[in-house]
Amino acid sequence: MADLEFTRNKASKDKMRDIEFFEHSYEGGEPYIDKVITKHPKESQANFKRRKERAVFVNYCQPLVDLYNQYVFKERIVRTIKGIDTELYMDDADYMRSSHESVMRTLSKIASVKGLCGVVVDKPSGGYETKQDEMDADIHEYISLYEPEHIYDWTIERVNGGRPTLTMLMLSEGEDTFKVWYEDRWELWVKEGKSGKHKLVESGDNALGIIPFYLHRNRNELGIKWFSGLSDIDSIAPVNKLVFYRDCQVDEIIDGTAFPMLSGSADALAQGKT
């Protein structure tokens, strides 16, 4: 459609800063240090680089999320739904040979860290005449997970007697590639080189009549916003950041003004380099 704008919805844009912070807080390591640590106004670049190399992030967020999800999936869920399609799906839920159990664990962890996660239910099309033909070709329904940063834009309208209905959904499928869902079709758009414009490269019918998308919210926020969800580390991540800052400050004081022989620069002192 000519009126499509491949930009992030304001509600999504407003949450990206927090979502990125929670993701870095969970992952920890050098990416967290690079993202969080800041340079003092009068600090030299050499000293800032050295301070980053010495910084250590003690991660309290990751164990919390992992322990909680380990508890949730402690006992294997037994399902009584049976059928050929169900059996094929349970062993290959994402069409990449991941079991349903594995995909649900991933969904739970993403939502636990970022607050929400999207799920699209789809099935490859191929013009197979019988169910046996589909089975022989290993064709079945599958789900795809979309992290909140990949949910770019959407439209919710009141239809069917006033029921709020998702009538357009734009999902990022990779760099400069977007899949746009409507109630009757889907479209794949790719950005063209230097022109900056997006070109329609593929499309198909959506025979379901609804957009096969579900937004899983980890914890509901107050209010009725559609794109919403609370992270399990929304309280501890800022505290973890404060502890990290304090550790860096203490290390800097010891190293630079008090007892450098107690810090990691002792070797440099012995060599007369400080």
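## Fold, charges and selected residues of a predicted protein chain

Buried residues, meaning those under 20% relative accessible area, make up 36% of the 274 residues in the protein chain; exposed residues are those over 50%, and partly exposed ones fall in between, as judged with a 1.4 Å probe and protein chains only. This is a predicted model, in which local features need pLDDT of at least 70 and side-chain atom pairs count only at pLDDT 80 or more, whereas totals for chains, interfaces and linings use all residues. Residues are numbered from 1 along each chain as its sequence is written, and side-chain values use heavy atoms, with hydrogens and water left out.

### Overall form

Nine helices and eight strands are assigned to the protein chain, where helices (H or I, at least four residues) and strands (E, at least two) are DSSP runs numbered from the N terminus. The chain is more spread out than a compact globule, because its radius of gyration, 25 Å, is well over the 19 Å that the globule rule gives for 274 residues; the radius is taken over C-alpha atoms, and the rule is 2.2 Å times the number of residues to the power 0.38. Taken along the principal axes, the box filled by the C-alpha atoms is roughly 80 × 50 × 40 Å.

Of the contacts in the protein chain with a separation of 6 or more, 57% are accounted for by residues 24 or more positions apart, a contact being heavy atoms within 4.5 Å. The chain exposes about 17,300 Å², and carbon and sulfur atoms supply 53% of this area, which comes from the Shrake-Rupley method with a 1.4 Å probe.

### Charges and salt bridges

The protein chain carries 37 positive and 47 negative charges, whose mean positions are 7 Å apart. Lys and Arg count as positive and Asp and Glu as negative, while His and the chain ends are not counted; each charge is placed at NZ of Lys, CZ of Arg, CG of Asp or CD of Glu.

A search of the whole structure finds 18 salt bridges, each defined as a side-chain nitrogen of Lys or Arg within 4 Å of a carboxyl oxygen of Asp or Glu. The table gives some of these pairs.

| Salt bridge | N to O distance |
|---|---|
| Asp14 and Lys10 | 2.8 Å |
| Lys15 and Glu221 | 3.0 Å |
| Glu43 and Arg51 | 2.8 Å |

Asp14 and Lys10 both belong to helix H1 (residues 10-27), where they lie four residues apart, about one turn of the helix. Within this pair, Asp14 is partly exposed, with a relative accessible area of 48%, and Lys10 counts as exposed at 59% relative accessibility.

The salt bridge between Lys15 and Glu221 has its closest N and O atoms 3.0 Å apart. This pair links distant parts of the chain, since Lys15 is in helix H1 and Glu221 is in the loop between strand S8 (213-217) and helix H8 (236-256), 206 residues apart. Lys15 counts as buried at 19% relative accessibility, and Glu221 counts as buried at 18%.

For the pair Glu43 and Arg51, both residues are buried. A network of salt bridges links Glu23, Lys114, Glu147 and Glu149.

### Selected residues in helices and loops

Met104 is found in helix H6 (residues 100-114). When residues up to four places away in sequence are not counted, Met104 touches Phe73 and Ile143. Met104 and Trp181 are 77 residues apart along the chain, and their C-alpha atoms are separated by 23 Å.

Val56 is found in the loop between helix H3 (45-54) and helix H4 (61-72), and this residue is exposed, with a relative accessible area of 54%. With residues up to four places away in sequence left out, Val56 touches Ile33 and Phe244. From Val56 to Glu30 the C-alpha to C-alpha distance is 8.7 Å, although the two are 26 residues apart in sequence.

Arg97, in the loop between helix H5 (84-91) and H6, has phi near 70°, a positive value in a residue other than glycine; Arg97 is exposed, with a relative accessible area of 64%. Asp176, in the loop between strand S4 (163-174) and strand S5 (177-182), has phi near 60°, also a positive value in a residue other than glycine, and at 32% relative accessibility Asp176 counts as partly exposed.
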